[in-house]
Amino acid sequence: TQTTRPQRMLAAVQKSATRGDPRSVVKAIDQFCRQKEWAMNVGDEKGCILDSVVTEVNPATVLELGTYCAYSTVRIASLLPPDAKLITLEFNPHNAAIARQVIAWAGLGDKIQLVEGPSGDWIPKMKEKFGIETFDLVFLDHWKDRYLPDTKLMEECGLLRKGSVLLADNVICPGTPDYLEYIRNSPRYKSQYFRSHLEYTKVEDGLEKSVFLG
Ligand SMILES: O=C(NC/C=C/[C@H]1OC[C@H](O)[C@@H]1O)c1cc([N+](=O)[O-])cc(O)c1O
Ligand SMILES: [Mg+2]
(Lines give C-alpha, C1' and ligand atoms only; values in the text may rest on other atoms or scores of the structure.)
(Ligands and ions follow the chains in the order given, each with its own letter.)
Protein backbone atom coordinates (compact mmCIF):
# COMPACT_ATOMS: atom_id res chain seq x y z
CA THR A 1 0.00 0.00 0.00
CA GLN A 2 1.04 3.60 -0.66
CA THR A 3 3.16 5.33 1.98
CA THR A 4 2.66 8.98 2.95
CA ARG A 5 5.26 11.73 2.54
CA PRO A 6 5.79 11.99 6.31
CA GLN A 7 6.38 8.21 6.42
CA ARG A 8 8.94 8.50 3.60
CA MET A 9 10.60 11.41 5.43
CA LEU A 10 10.85 9.32 8.64
CA ALA A 11 12.36 6.44 6.63
CA ALA A 12 14.98 8.85 5.28
CA VAL A 13 15.83 9.94 8.84
CA GLN A 14 16.12 6.34 10.04
CA LYS A 15 18.29 5.49 7.05
CA SER A 16 20.64 8.50 7.01
CA ALA A 17 20.70 10.10 10.46
CA THR A 18 22.59 8.97 13.55
CA ARG A 19 20.41 8.10 16.56
CA GLY A 20 20.81 10.73 19.27
CA ASP A 21 22.34 13.28 16.90
CA PRO A 22 19.71 16.02 16.31
CA ARG A 23 21.71 17.94 13.71
CA SER A 24 22.11 14.77 11.60
CA VAL A 25 18.29 14.41 11.71
CA VAL A 26 17.91 18.00 10.48
CA LYS A 27 20.47 17.34 7.72
CA ALA A 28 18.76 14.10 6.63
CA ILE A 29 15.38 15.82 6.28
CA ASP A 30 16.85 18.74 4.31
CA GLN A 31 18.63 16.27 2.01
CA PHE A 32 15.37 14.31 1.51
CA CYS A 33 13.46 17.52 0.69
CA ARG A 34 16.11 18.84 -1.70
CA GLN A 35 16.83 15.57 -3.49
CA LYS A 36 13.59 13.59 -3.27
CA GLU A 37 10.39 15.41 -2.25
CA TRP A 38 9.53 18.97 -1.24
CA ALA A 39 7.90 19.19 2.19
CA MET A 40 6.75 22.10 4.36
CA ASN A 41 9.59 22.12 6.89
CA VAL A 42 11.00 25.56 7.71
CA GLY A 43 14.11 24.28 5.88
CA ASP A 44 17.81 25.03 5.94
CA GLU A 45 17.83 28.70 4.83
CA LYS A 46 15.09 29.98 7.17
CA GLY A 47 16.38 27.39 9.67
CA CYS A 48 19.61 29.37 10.07
CA ILE A 49 17.59 32.47 10.98
CA LEU A 50 15.56 30.35 13.42
CA ASP A 51 18.82 29.06 14.97
CA SER A 52 20.12 32.61 15.48
CA VAL A 53 16.91 33.75 17.18
CA VAL A 54 16.83 30.66 19.45
CA THR A 55 20.47 31.19 20.40
CA GLU A 56 19.87 34.91 21.10
CA VAL A 57 16.75 34.30 23.23
CA ASN A 58 18.23 31.23 24.95
CA PRO A 59 14.69 30.32 26.12
CA ALA A 60 13.77 28.20 29.14
CA THR A 61 10.23 27.70 27.77
CA VAL A 62 9.30 27.35 24.08
CA LEU A 63 5.92 26.84 22.40
CA GLU A 64 5.82 25.62 18.80
CA LEU A 65 2.51 25.79 16.92
CA GLY A 66 2.46 23.26 14.08
CA THR A 67 4.85 20.34 14.55
CA TYR A 68 4.32 18.62 11.17
CA CYS A 69 7.23 16.12 11.16
CA ALA A 70 9.22 17.80 13.95
CA TYR A 71 12.01 19.25 11.75
CA SER A 72 11.89 22.67 13.48
CA THR A 73 11.04 21.01 16.82
CA VAL A 74 14.33 19.07 16.70
CA ARG A 75 16.22 22.05 15.25
CA ILE A 76 15.10 24.32 18.12
CA ALA A 77 15.48 21.70 20.88
CA SER A 78 19.06 20.93 19.78
CA LEU A 79 20.00 24.51 20.78
CA LEU A 80 18.20 24.73 24.15
CA PRO A 81 19.90 24.93 27.56
CA PRO A 82 19.79 21.74 29.73
CA ASP A 83 16.57 22.28 31.74
CA ALA A 84 14.62 24.06 28.98
CA LYS A 85 11.22 22.72 27.87
CA LEU A 86 9.66 22.80 24.42
CA ILE A 87 5.94 22.15 23.96
CA THR A 88 4.81 21.54 20.38
CA LEU A 89 1.17 21.38 19.26
CA GLU A 90 0.07 19.27 16.26
CA PHE A 91 -3.51 18.93 15.02
CA ASN A 92 -3.07 16.01 12.64
CA PRO A 93 -2.66 12.64 14.44
CA HIS A 94 -0.78 11.05 11.53
CA ASN A 95 1.77 13.87 11.46
CA ALA A 96 2.03 13.68 15.26
CA ALA A 97 2.77 9.94 15.12
CA ILE A 98 5.62 10.53 12.64
CA ALA A 99 6.89 13.53 14.61
CA ARG A 100 7.14 11.45 17.80
CA GLN A 101 9.40 8.96 16.00
CA VAL A 102 11.60 11.72 14.57
CA ILE A 103 11.93 13.27 18.05
CA ALA A 104 12.80 9.84 19.50
CA TRP A 105 15.43 9.22 16.80
CA ALA A 106 17.03 12.58 17.66
CA GLY A 107 17.08 11.56 21.34
CA LEU A 108 15.19 14.67 22.42
CA GLY A 109 12.20 13.03 24.11
CA ASP A 110 13.04 14.53 27.52
CA LYS A 111 13.15 18.13 26.20
CA ILE A 112 10.12 18.02 23.93
CA GLN A 113 6.46 17.48 24.79
CA LEU A 114 4.27 16.88 21.75
CA VAL A 115 0.58 17.63 22.37
CA GLU A 116 -2.08 16.56 19.85
CA GLY A 117 -5.11 18.69 19.14
CA PRO A 118 -6.27 22.16 18.11
CA SER A 119 -4.05 25.02 19.32
CA GLY A 120 -7.15 27.02 20.26
CA ASP A 121 -8.16 24.33 22.76
CA TRP A 122 -4.71 23.77 24.25
CA ILE A 123 -3.38 27.33 24.64
CA PRO A 124 -5.84 28.14 27.49
CA LYS A 125 -4.71 24.95 29.28
CA MET A 126 -0.95 25.53 29.18
CA LYS A 127 -0.73 26.78 32.76
CA GLU A 128 -2.88 24.12 34.45
CA LYS A 129 -1.72 21.15 32.29
CA PHE A 130 1.98 21.87 31.86
CA GLY A 131 2.81 24.23 34.72
CA ILE A 132 3.90 26.92 32.29
CA GLU A 133 3.79 30.52 33.54
CA THR A 134 4.92 32.29 30.35
CA PHE A 135 6.74 31.36 27.12
CA ASP A 136 10.11 32.94 26.37
CA LEU A 137 9.81 31.98 22.69
CA VAL A 138 6.86 31.02 20.44
CA PHE A 139 7.44 29.62 16.93
CA LEU A 140 4.30 29.99 14.77
CA ASP A 141 4.22 27.55 11.85
CA HIS A 142 0.72 26.08 11.84
CA TRP A 143 -2.39 27.01 9.85
CA LYS A 144 -1.74 30.53 8.59
CA ASP A 145 -5.22 31.76 9.51
CA ARG A 146 -4.59 30.69 13.12
CA TYR A 147 -1.54 32.89 13.76
CA LEU A 148 -3.61 35.97 14.69
CA PRO A 149 -6.35 34.35 16.80
CA ASP A 150 -3.79 32.23 18.67
CA THR A 151 -1.56 35.26 19.34
CA LYS A 152 -4.54 37.14 20.80
CA LEU A 153 -5.41 34.04 22.83
CA MET A 154 -1.85 33.82 24.23
CA GLU A 155 -2.10 37.50 25.24
CA GLU A 156 -5.46 36.93 26.93
CA CYS A 157 -4.21 33.82 28.77
CA GLY A 158 -1.21 35.76 30.11
CA LEU A 159 1.26 33.41 28.42
CA LEU A 160 3.46 36.28 27.17
CA ARG A 161 5.69 38.41 29.39
CA LYS A 162 7.71 41.57 28.67
CA GLY A 163 10.43 40.33 26.31
CA SER A 164 8.69 37.18 25.05
CA VAL A 165 9.61 36.61 21.40
CA LEU A 166 7.19 35.45 18.69
CA LEU A 167 8.83 34.08 15.53
CA ALA A 168 6.41 33.48 12.64
CA ASP A 169 7.18 31.39 9.55
CA ASN A 170 5.62 32.01 6.10
CA VAL A 171 4.59 35.61 6.58
CA ILE A 172 5.00 36.12 2.79
CA CYS A 173 4.37 32.64 1.37
CA PRO A 174 1.75 31.22 1.89
CA GLY A 175 1.31 34.51 3.78
CA THR A 176 -0.32 35.65 7.01
CA PRO A 177 -1.63 39.14 6.10
CA ASP A 178 -3.98 39.67 9.04
CA TYR A 179 -1.25 38.59 11.52
CA LEU A 180 1.35 40.90 9.92
CA GLU A 181 -1.08 43.84 9.90
CA TYR A 182 -1.87 43.33 13.60
CA ILE A 183 1.62 42.65 14.91
CA ARG A 184 3.34 45.45 12.91
CA ASN A 185 0.78 48.07 13.98
CA SER A 186 0.34 47.03 17.60
CA PRO A 187 2.09 49.26 20.18
CA ARG A 188 2.53 46.10 22.27
CA TYR A 189 5.10 44.57 19.88
CA LYS A 190 8.42 45.52 18.30
CA SER A 191 8.69 43.62 14.99
CA GLN A 192 11.49 42.83 12.56
CA TYR A 193 11.24 41.06 9.18
CA PHE A 194 13.96 38.56 8.16
CA ARG A 195 13.79 38.17 4.37
CA SER A 196 14.50 34.68 3.05
CA HIS A 197 12.97 32.10 0.69
CA LEU A 198 10.25 29.49 0.89
CA GLU A 199 11.94 26.28 1.98
CA TYR A 200 13.94 24.53 -0.77
CA THR A 201 12.80 27.09 -3.41
CA LYS A 202 13.70 30.54 -4.83
CA VAL A 203 10.28 31.96 -3.96
CA GLU A 204 10.39 34.88 -1.51
CA ASP A 205 9.30 34.18 2.05
CA GLY A 206 10.50 35.32 5.46
CA LEU A 207 10.25 35.16 9.23
CA GLU A 208 8.72 37.93 11.35
CA LYS A 209 10.29 38.30 14.79
CA SER A 210 8.15 40.22 17.30
CA VAL A 211 9.08 41.09 20.89
CA PHE A 212 6.14 41.49 23.28
CA LEU A 213 6.55 44.76 25.19
CA GLY A 214 4.13 43.88 27.99
O1 LIG B 1 0.51 25.12 5.63
C2 LIG B 1 1.64 25.22 6.12
N3 LIG B 1 1.83 24.97 7.38
C4 LIG B 1 0.68 24.58 8.14
C5 LIG B 1 0.94 23.29 8.74
C6 LIG B 1 0.14 22.85 9.68
C7 LIG B 1 0.51 21.64 10.44
O8 LIG B 1 -0.20 21.63 11.66
C9 LIG B 1 -1.55 21.24 11.33
C10 LIG B 1 -1.40 20.34 10.12
O11 LIG B 1 -1.73 19.02 10.52
C12 LIG B 1 0.08 20.40 9.75
O13 LIG B 1 0.80 19.31 10.25
C14 LIG B 1 2.81 25.59 5.27
C15 LIG B 1 2.62 25.62 3.89
C16 LIG B 1 3.69 25.95 3.07
N17 LIG B 1 3.48 25.98 1.66
O18 LIG B 1 4.39 26.36 0.90
O19 LIG B 1 2.33 25.64 1.23
C20 LIG B 1 4.95 26.25 3.58
C21 LIG B 1 5.13 26.25 4.98
O22 LIG B 1 6.36 26.55 5.54
C23 LIG B 1 4.08 25.92 5.82
O24 LIG B 1 4.30 25.94 7.16
MG1 LIG C 1 6.15 26.93 7.61
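**View 1. The magnesium ion (ligand 2) and its protein donors in a predicted model.** D141 sits in the loop between β4 (137–140) and α8 (147–156), while D169 sits in the loop between β5 (165–168) and α9 (171–175), so the pair ties together parts that are 28 residues apart in sequence; helices (H or I, at least four residues) and strands (E, at least two) are DSSP runs, numbered from the N terminus. This is a predicted model, in which local features need pLDDT of at least 70 and side-chain atom pairs count only at pLDDT 80 or more. Residues are numbered from 1 along each chain as its sequence is written, and ligands are numbered from 1 in the order in which they are written.

**View 2. The open sheet of seven strands.** The strands are arranged in the order β3-β2-β1-β4-β5-β7-β6, with mixed pairing, where two strands pair if DSSP finds at least two bridges between them. The edge strands, β3 (112–116) and β6 (189–197), each pair on one side only. From one strand to the next, the twist averages 15 degrees; axes are lines fitted to C-alpha atoms, for helices over the stretch in contact, and angles run from 0 to 180 degrees between N-to-C directions.

**View 3. Strands β5 and β7.** β5 and β7 (residues 204–212) run antiparallel and are joined by four bridges, and A168 stands opposite E208 in β7.

Key:
Side-chain values use heavy atoms; hydrogens and water are left out. Donors are N, O and S atoms within 2.8 Å of the metal (3.2 Å for Na, K and Ca); water is not among the atoms, so sites may look incomplete.
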